[in-house]
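Colleague: I have a structure open and some questions about it. Can we go through them in turn?

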Amino acid sequence: MPGFGEKLSKFASNTKKQAQVLVETNKLKSAVHKEEEAIKEAYSQLGQSYFDTYKDDSGIPSNFRQMLDGILGHMQRIEELNDQIEEVQGIRMCPKCGAETDAEKSFCINCGFRFDEQSQVQQVAPQPAVAQEAAATVTVEYEEVSSQPEEAEPAAAQGTWPPTSETIEPVQSQENQKICASCGNPVEEGKKFCGNCGQKVD
């Protein structure tokens, strides 16, 4: 019968072999996982490419059209949720540079984009005949009112507003703010544009 030493040696040999098998198996499983992830990434890229190509195509098979419409619906929902987040936080996202700006600002403090540009473009769209007639009536009424003589401004107020770069110099406040040389609005330190008038801050 084999002695104790021989049994111990055989046990150690078997344990070593099992450990080697386990290590090799884990390496192979890891390689398989990497290949599966590569396939998933290829599927994702393929789907993204198909979506970008056919998202506006109504002639594709109905099952694909349904999936594309589902993605578009999710994207619209995400945009609505992001708008709600901005509203809750009191900010707005600049569509030009992506920077966050206080909701009450008219201009992006990072790039100077004017937030009401899109609404101005929409207002230029052709109006129905009824709307045009109503707009013409309002214009006539406005002209009649505006034709009335205006009261003269007090002498002390003449020539003092709006302020210009000659009358207002950018100064540093106690709260690390500058004063816009164009409109006199406080501008936080590090901001590139005035959020009130869009003037670039030096």
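Colleague: Which helix has the lowest mean pLDDT among the elements of the chain?
Modeller: This is a predicted model. The mean pLDDT of the chain is 75, and 67% of its residues reach 70 or more. Helix H2 (residues 62-89) has the highest mean among the elements, 92, while the lowest, 47, belongs to helix H4 (residues 129-146).

Colleague: How many contacts beyond four places in sequence does the model have for residues 119-132?
Modeller: Where pLDDT is low, predicted coordinates should not be read in detail. Over residues 119-132 pLDDT stays under 50. For contacts beyond four places in sequence, the model gives this stretch three.

Colleague: How many disulfides are there?
Modeller: A disulfide needs two cysteine sulfur atoms within 2.5 Å. The closest cysteine sulfur to that of Cys97 is in Cys108, 3.7 Å away, so it is too far for a bond. Cys111 is in no disulfide either, with the sulfur of Cys94 nearest at 3.6 Å. The count is zero.

Colleague: Is Cys97 buried, partly exposed or exposed?
Modeller: Buried would require under 20% relative accessible area, and exposed over 50%. Cys97 has 34% relative accessibility, so it counts as partly exposed.

Colleague: Which strands each supply at least two residues of the lining of the second largest pocket?
Modeller: That pocket has a volume of about 180 Å³. Its lining has 15 residues, with Asp102, Lys105, Ile109, Glu188 and Lys191 nearest the centre. The lining divides into six nonpolar, four polar and five charged residues. The strands are E2 (100-102) and E4 (186-188).

Methods: Residues are numbered from 1 along each chain as its sequence is written. This is a predicted model: local features need pLDDT of at least 70, side-chain atom pairs count only at pLDDT 80 or more; totals for chains, interfaces and linings use all residues. Side-chain values use heavy atoms; hydrogens and water are left out. On a 1 Å grid over the protein atoms alone, a cavity is a set of points where a 1.4 Å probe fits but cannot get out, and a pocket is an open set with protein on both sides within 12 Å along at least five of seven lines; lining residues have an atom within 4 Å of a point. Grid points are joined across faces, edges and corners, and a volume is the space filled by probe spheres set on the points. Helices (H or I, at least four residues) and strands (E, at least two) are DSSP runs, numbered from the N terminus. Ala, Val, Leu, Ile, Met, Phe, Trp, Tyr, Cys and Pro count as nonpolar, Asp, Glu, Lys and Arg as charged, and the others, Gly among them, as polar. Buried means under 20% relative accessible area, exposed over 50%, partly exposed in between (1.4 Å probe, protein chains only). pLDDT is the predictor's confidence in each residue, from 0 to 100. Contact means heavy atoms within 4.5 Å.
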